[in-house]
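Have the viewer open as you read.

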Amino acid sequence: MNNHLRQLRADRGWSQGDLAEQLNVSRQTINAIETGKYDPSLPLAFLIAKLFKQPIEKIFDPAA
Amino acid sequence: MNPQLRRYIADCGPASLTFFASVIGAMLLAKRVEPGLVRLLVCLIPLPSVLWLAWAEISRLRRRDELRQRIEVEAIAIAFAMSFVIVVTLTFLELGNAFSVQVSTVSLVMAACWVAAQIIVRTRFRYWCGIFGNPTDSN
């Protein structure tokens with residue numbers, strides 16, 4: 001699954017560590033999501049959407 | 001010190017130390033006690049520390065984030081499969097009178113399989129999936 005997490009994070013000037021801290025996950029988890037190697041759980045995906053104030057489908061692209 | 005190792009020591013260190021101390025203490029004490037009920041009770045001294053260690057490990061797993069939980073659970077599943085195959089094979093060999101297997105061997109097999117599974121899963125995630133492999137990719 002593709003996502004725009006890296007772009008959204010970069011737009012806000014956050015490091016992976018900053019984002020990980022806000023989502024209460026490890027930096028490795030953020031890295032794995034950004035590189036498409038790990039799909040987050042639904043609760044974490046909602047948390048990401050809430051943090052970036054965007055709908056889930058705008059952040060995660062299930063077509064890929 | 002590695003932060004993960006520091007956290008592991010904080011979470012499971014006291015339980016691990018108590019476990020090893022109680023095992024050594026029970027072994028030494030059991031040699032000095034005559035066979036019988038008292039000796040059996042002495043041999044069971046490490047049991048509470050085993051339960052404490054199990055509880056500490058499960059609590060630690062529950063506190064981890066979802067990716068780490070997935071990695072740990074995968075390692076546990078592989079370790080279970082490995083140890084099951086080895087123990088069943090040993091049991092069949094014992095049934096065929098090939099050799100005699102002691103019960104203590106099973107715990108050693110389980111421990112060895114758990115360590116092997118941890119190495120396999122961490123290597124897979126690090127080198128094949130690249131999940132831990134991008135330490136510079138943090139900005």
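## A helix pair in chain A

The axes of helix 2 (residues 16-23) of chain A and helix 3 (residues 27-34) of chain A come within 8 Å and cross at roughly 110 degrees. Helix 2 of chain A is therefore roughly perpendicular to helix 3 of chain A, a label for angles of 65 to 115 degrees. Axes here are lines fitted to C-alpha atoms over the stretch in contact, with angles from 0 to 180 degrees between N-to-C directions.

The model is predicted: local features need pLDDT of at least 70, side-chain atom pairs count only at pLDDT 80 or more, and totals for chains, interfaces and linings use all residues. Residues are numbered from 1 along each chain as its sequence is written, while chains are lettered from A and ligands numbered from 1 in the order in which they are written.

Which residues meet? The table lists them; contact means C-beta atoms, placed from the backbone, within 7 Å.

| Helix of chain A | Residues in the contact |
|---|---|
| helix 2 | A:Gln16, A:Gly17, A:Leu19, A:Ala20 |
| helix 3 | A:Arg27, A:Thr29, A:Ile30, A:Asn31 |

## Chain B as a whole

Chain B has five helices and zero strands, where helices are DSSP runs (H or I) of at least four residues and strands (E) of at least two. Its C-alpha atoms fill a box of roughly 65 × 40 × 20 Å along the principal axes. Of the 139 residues of chain B, 10% count as buried, that is, with 20 or more other C-beta atoms within 10 Å of their own. Among contacts in chain B with a separation of 6 or more, 58% join residues 24 or more positions apart.

Definitions and conventions: A residue is buried if 20 or more other C-beta atoms lie within 10 Å of its own, exposed if 12 or fewer, and partly exposed in between; C-beta atoms are placed from the backbone. Two residues are in contact if their C-beta atoms, placed from the backbone, lie within 7 Å. Angles under 35 degrees count as roughly parallel, over 145 as roughly antiparallel, 65 to 115 as roughly perpendicular and the rest as oblique.
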